[in-house]
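Good morning, and thank you for making time for this presentation. Please have the sequence and the structure open while I speak.

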Amino acid sequence: MIQEIRMKNILSIKDEVTISFIPKKAHMKTYSDSLFIPIDDSRKVLKGAIIYGANASGKSNIVRALDFFFKTILSGKKDRKEPIAFIPFKFDPSTVNGNGSFLIDFFIETVRYIYTLELNAHSIIRESLVYYPSTQPATIFLRSVNEETGRPLIQFGQKAGLDVYQRQYIQQGTNYNETVFATIGSSNIENDLLNTVYAYMNESFLPLISPLTDLESWAVKTISSDKVTYEAFILQMLNRADIQIRDFSIEDEEISFDESMLSMLKADIEIPKNVKEKILTEKKLEMTKAHFSHAYSGGSAVLDIDEESRGTRRFLGLSVVLHELLKNSHLAIIDEIESSLHPDLLGFYIQMFLFNSTSSQMIITTHNTRLLESDYLSPDMFVFCEKDPQSGESVLARGSDFGLHKNNSIANFYKIGKLGAVPNLGSILVSEDSVSYHE
């Protein structure tokens with residue numbers, strides 16, 4: 001479970017920003033236990049962070065940066081000269097050639113860990129892992145750059161529990177452009193401490209979900225792999241969402257391509273190269289398709305998934321995501337979660353997550369202000385993202401940091417611009433000289 005994340009100099013982020021899951025002590029008593037994950041008798045973390053902001057304020061860059069760092073932690077490189085897909089803040093000459101940094105403060109069961117990473121487009125500059133076996137921190141490893149050779153220099157703490165061979169393997173096997181964890185993941189090193197943290201990194205962070213993510217196909221494939229596990233849950237979600245689907249089936253179908261279809265396929269630049277080559281060779285495509293049974297006053301009808309509304313398909317995908325969050329311990333990052341969903345359905349989904357999950361967390365971006373009006377969410381969970389008009393950088397402020405009285409509506413303060421993160425719009429009138437008229 002994550003306690004805090006910090007990032008600096010990446011995309012629209014210049015100075016360090018923080019996403020905190022640490023609740024205010026007063027809020028731990030006044031809000032429902034469903035908002036929190038207990039670590040021990042005295043510590044809790046929030047289950048979610050909800051990011052608001054105007055268009056182009058940097059909301060999506062926040063979640064893109066998170067996704068980049070989580071992928072980089074475990075990403076191995078075939079070539080040590082392969083560049084890292086790092087994009088610094090470009091509106092300041094001092095940061096264009098600077099390093100980006102990342103910190104994640106998290107718990108595995110009741111043990112606290114802090115992992116840090118500093119990098120640029122060419123190499124990892126610094127990396128460290130510290131944990132708290134007691135009240136005092138202990139270093140597991142500290143990675144820097146050897147000033148003489150330019151190669152990674154990795155030092156291990158006494159509590160790391162690594163023998164000489166294991167230390168040498170990690171030291172020699174870690175390339176400039178990959179992390180220590182990437183090396184551990186490609187090795188057979190047996191070390192309880194490092195393997196535990198690697199497993200956490202590998203299993204906890206779900207890929208970024210954006211409005212363009214093909215959740216529908218992923219959901220259908222996931223359900224088809226184990227329909228017994230998912231069927232009852234998915235039907236329950238669809239019924240409770242009042243979508244009027246009473247049953248569904250998933251079948252493998254084969255589509256044959258004639259010569260005219262193959263000619264059109266060759267010209268389609270949006271189809272991935274490997275998929276296109278497979279179809280051109282085999283002249284067929286095997287697909288897993290879903291069909292949904294709808295009840296109506298005169299009986300029932302079956303619709304192919306392509307005939308369902310975009311909102312239904314989106315909710316199907318998010319329902320499978322929710323199943324994963326309830327079943328396991330994950331962090332889900334969802335950009336513009338309200339895409340294609342009715343505001344009430346979004347609120348329903350958030351409540352389903354909060355009241356039924358035990359150890360998962362979510363970071364979402366949204367424009368849906370109804371969530372601000374809800375009485376079941378703590379102001380600690382709201383994060384407001386705003387672009388600094390002078391520097392162009394994205395800055396974050398937490399809802400509970402504004403010092404609003406509990407009787408004040410955070411939604412109203414946000415709507416009138418008191419909390420920032422709303423667009424500063426100009427006049428609705430269009431000047432005549434900016435429009436061309438044709439007689």
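Which residues form one aromatic cluster? In this predicted model, the cluster consists of Phe68, Phe69, Phe70, Phe86, Phe102, Phe106, Tyr113, Tyr131, Tyr200 and Phe205.

Let me stay with the aromatic residues. A search of the whole structure returns 17 aromatic pairs. One of them joins Tyr165 and Tyr169, with 6.4 Å from centre to centre and 45 degrees between the planes, a tilted arrangement. The two tyrosines are separated by about one helical turn, because they stand four residues apart in helix α4, residues 164-173. Is Tyr165 buried or exposed? Tyr165 counts as exposed, since its relative accessibility is 57%. Tyr169, by contrast, is partly exposed, as its relative accessible area is 32%.

A second pair brings together Phe315 and Tyr349. Here the geometry is edge-to-face, with centres 6.3 Å apart and planes at 75 degrees. What does this pair tie together? Phe315 belongs to helix α11, residues 310-327, and Tyr349 to helix α12, residues 343-356, so the contact ties together parts that are 34 residues apart in sequence. Both ends of this pair count as buried, because the cut-off for that term is under 20% relative accessible area. Phe315 has a relative accessibility of 0%, and the relative accessible area of Tyr349 is likewise 0%.

I turn now to the strands. An open sheet is built from three strands, in the order β11-β12-β13, with antiparallel pairing. Its edge strands are β11, residues 245-256, and β13, residues 299-304, each of which pairs on one side only. On average, and with direction ignored, neighbouring strands of this sheet are turned by 25 degrees against each other. How many bridges link β11 with β12? Eleven bridges connect β11 to β12, residues 284-296, in the antiparallel sense. Within this sheet, Glu251 stands opposite Lys289 of β12. As a general point, side chains in a regular strand alternate between the two faces of the sheet.

Which element gives the most? That is α7, with five residues.

Where is Asn9 placed? Asn9 sits in the loop between β1, residues 2-8, and β2, residues 17-20. Its phi is near 55 degrees, a positive value in a residue other than glycine. Asn9 is buried, because its relative accessible area is 3%.

The other example is Glu336, whose phi is near 50 degrees, again positive in a residue other than glycine. Glu336 lies in the loop between β14, residues 331-334, and α12. With a relative accessible area of 28%, Glu336 is partly exposed.

Why does Ala85 count as exposed? The reason is its relative accessibility of 63%, because the cut-off for exposed is over 50%. Ala85 and Val111 are 26 residues apart in sequence, and their C-alpha atoms are 32 Å apart in space.

Thank you for your attention.

Note on methods
Residues are numbered from 1 along each chain as its sequence is written. This is a predicted model: local features need pLDDT of at least 70, side-chain atom pairs count only at pLDDT 80 or more; totals for chains, interfaces and linings use all residues. Side-chain values use heavy atoms; hydrogens and water are left out. Two strands pair if DSSP finds at least two bridges between them. Axes are lines fitted to C-alpha atoms, for helices over the stretch in contact, and angles run from 0 to 180 degrees between N-to-C directions. Buried means under 20% relative accessible area, exposed over 50%, partly exposed in between (1.4 Å probe, protein chains only). Rings of Phe, Tyr and Trp (its six-membered ring) pair if their centres lie within 6.5 Å; planes under 30 degrees apart count as stacked, over 60 as edge-to-face and the rest as tilted.
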